[in-house]
Amino acid sequence: MKKNNLKKVIIIGSCVLFSSLALAFAFDWPDKDDGSSVIISHFGQLRGGTLETSLIFRDKDNVYSSEHGKVVMQLREHDCDMGWSESPLGNADIISHSNDIYTVYGNLSEENLNDYRDGAVELIKGSYLGIPGESGWREEDSGLEFQLLDLKNKTAINPKIVLPRTGREKALTTGTVILEDRRGNIYDLEKTDRIPSEAYRIYKVRQDSTVPFETSLSVNGVTIDTISYDSIRENEGRICVSGKNQYYTDILYPDEERQFLASTTLFKGKNVFRVTLTDITGHTKTSTFTVEVY
């Protein structure tokens with residue numbers, strides 16, 4: 001693949017569903033901290049009005065290569081003639097691995113970068129790359145921006161799939177569950193136990209600090225939808241995740257408060273909602289709501 005094409009894929013985070021988990025545990029944490037406690041932005045989280053395709057770390061510790069590979073490209077904050085970065089990643093190292101898998105280490109400090117500009121430099125796992133800086137287009141005090149890309153399938157993969165499990169995931173909360181009908185009427189299931197028979201979109205209150213690896217909603221024991229945040233892909237020029245359908249950012253996060261769970265039509269009678277959230281370690285958080293539909 002030509003370098004300009006690689007750069008385009010990295011910058012826009014274009015992505016097709018990644019289904020193979022054969023890479024699990026092949027990679028190490030790039031900051032040696034090995035835990036989600038230092039992550040301030042998670043894969044699939046709402047960030048800047050779109051779906052986050054990276055993990056963004058809080059700490060400014062040294063950055064190391066997660067796996068053996070070759071440095072195939074280095075982006076620089078001031079590579080352009082105009083003096084500003086073409087990429088929101090700022091200074092970044094791009095390392096190729098087997099099976100067209102690439103890792104991207106962005107928001108690095110220019111003063112501490114190892115210079116691999118000649119390309120195709122062989123690295124062993126754990127090679128020093130530099131320290132985070134302020135070169136990327138990120139929040140103040142954010143550190144390393146880490147991406148995992150499957151260029152063969154043009155997919156952004158949730159890096160947690162291949163990183164060692166630590167059991168230190170931030171706790172998931174279902175919070176309030178909200179139904180919205182086609183006319184925009186809102187029903188909070190914690191405050192109402194009767195709603196009209198209607199087609200609804202169903203949401204949970206969004207967590208600012210993390211995002212589930214998977215969400216699932218069942219009604220009366222029947223699974224309505226399961227949405228996975230294992231990968232982000234491009235469909236018709238827009239990025240999305242997969243469930244019963246392909247869900248774009250504006251469906252998943254219609255505003256800063258809500259996260260989409262499912263769409264369904266509710267019929268008269270007692271309806272029992274079961275919301276299940278699952279993190280990358282397999283731990284679940286479940287809440288149940290009962291409502292009478294008239």
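Of the 294 residues of the chain, 55% count as buried (under 20% relative accessible area; exposed is over 50%, partly exposed in between; 1.4 Å probe, protein chains only). The model is predicted: local features need pLDDT of at least 70, side-chain atom pairs count only at pLDDT 80 or more, and totals for chains, interfaces and linings use all residues. Residues are numbered from 1 along each chain as its sequence is written, and side-chain values use heavy atoms, with hydrogens and water left out.

The accessible surface of the chain comes to about 13300 Å² (Shrake-Rupley method, 1.4 Å probe; for residues, only the protein chains shown count as cover). Carbon and sulfur atoms hold 46% of this surface. The chain contains two helices and 23 strands. Both are DSSP runs numbered from the N terminus (helices: H or I, at least four residues; strands: E, at least two).

V177 stands opposite K204 in strand 16.

Side chains of opposite charge can pair when their charged atoms come close. A salt bridge is taken as a side-chain nitrogen of Lys or Arg within 4 Å of a carboxyl oxygen of Asp or Glu. By this rule the count is 11 salt bridges. One of them joins K70 and E122, with the closest N and O atoms 3.7 Å apart. K70 lies in strand 6 (residues 69-75) and E122 in strand 9 (residues 121-123), so the pair ties together parts 52 residues apart in sequence. K70 is partly exposed, at 35% relative accessible area. E122 is exposed, at 56%.

A salt bridge also links D208 and R206 (3.2 Å, N to O). D208 is exposed at 55% relative accessibility, whereas R206 is buried at 11%. R258 bridges to D255, the closest N and O atoms being 2.9 Å apart. R258 is buried at 12% relative accessibility, and D255 is partly exposed at 29%. Elsewhere, salt bridges with shared partners join D181, R182, R183 and E198 into one network.

Key. Pairing = 2+ DSSP bridges.
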